[in-house]
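This report concerns the structure shown below. Please keep the sequence to hand while reading.

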Amino acid sequence: MQRKRWLICLWLGLAVLLVGDAWEATAQVKLRGVVLPLTNYAPLAIARDKGWFAEENLDVSWTNVAQGAIAIEAVYGGSAEFGASSIFEPLVARGNGLDIVYVAAQTRLVSQPPDNTAMLVRVEDNIRSPKDLAGKTVSAGLINSVNYIHTHVWLRKHGVDPKTVKFLEVPFPQMNDALFQKRIDAAFNVEPFATFALKTGKARSIGHPYQENIPGMDIAHYIAKESWVKANADTMRRFKKAVDRATNHLNSVSKEERDGWIAKYTGMKPEIVAAVNLPIFTTEYNVESLRKNLELAVEFKLIKQPFDVSTMIWKP
């Protein structure tokens, strides 16, 4: 009888150790991200510094890159578990057979201009409207990127044939220099770089293409590889929980605290943060805006045929 009790105690002890080891393994889950150092992703810093990733037993780190397409490559190639990108490039990737999904919503356009993007020109130039861009050189980021496609749509809305405009690929951080050095005549730039340009007094805005094309559209979300998410659903669930918590926190605090978090994430000076046009930080998707962007991807022959956008929104 005593031997039986001893064996039971031994098995119970082993079970406790095994459960403890399993929890310890969960506690050590590392998530690598590839993101852009833009205002859109400030909740990442909140979730990290408030300890909310740690509360979810996650060790989250990220690397900054200049373009969302790099994040997609990293996620699909396995060098990162999550990425941060504009909503458009993941749609194109999915439409071309890559198993990319949105795993957490993040930002959306404000309802009225100015928003967190702008078509910028030099103050001294006689460019007052989209019609004046015919025959000019414009940078809208990478060819076939979301800014590039929306610039084409915006020009058409104003009666300008995009074929009359020369497009030059310039990364967002270098666009202002290209504009002021007269290598381009207009730049469709994003925050904080749009505000940097306007603060110099040498640039002005002639429009907000996103606002005119798809009002209230989603701007940027977090992505992951669908096969990885299926195999690590609990880990991604905890990541989303922490990010959503941070997003809700950012929406609930004072402007001073909000600006402080954004300054910390982006490296901007507080006085610049106070001047930038921020997006809406959200935990929900504007699915209709995703569908409309998918339609543009089909129209511009970036993908062959449309698909059900809801299939690439991961549901915990």
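The sections below treat the basis of the model, its sheet and its aromatic residues.

## Basis

This is a predicted model, in which local features need pLDDT of at least 70 and side-chain atom pairs count only at pLDDT 80 or more, while totals for chains, interfaces and linings use all residues. Residues are numbered from 1 along each chain as its sequence is written, and side-chain values use heavy atoms, with hydrogens and water left out.

## Sheet

An open sheet of mixed pairing is formed by five strands in the order β7-β6-β8-β5-β9. Strands (E, at least two residues) and helices (H or I, at least four) are DSSP runs numbered from the N terminus; two strands pair if DSSP finds at least two bridges between them. The edge strands, β7 (166-167) and β9 (203-207), each pair on one side only. Strand β6 (residues 137-139) runs parallel to β7 over two bridges, and V138 has F167 in β7 as its bridge partner.

## Aromatic residues

The whole structure holds 10 aromatic pairs (ring centres of Phe, Tyr and Trp, the last by its six-membered ring, within 6.5 Å; planes under 30 degrees apart are stacked, over 60 edge-to-face, the rest tilted). F188 and Y210 form an edge-to-face pair, with 5.3 Å between centres and 65° between planes. This pair links distant parts of the chain, 22 residues apart: F188 lies in strand β8 (residues 186-190) and Y210 in helix α9 (residues 209-213).

One aromatic cluster comprises Y41, F53, F82, Y222 and F239.
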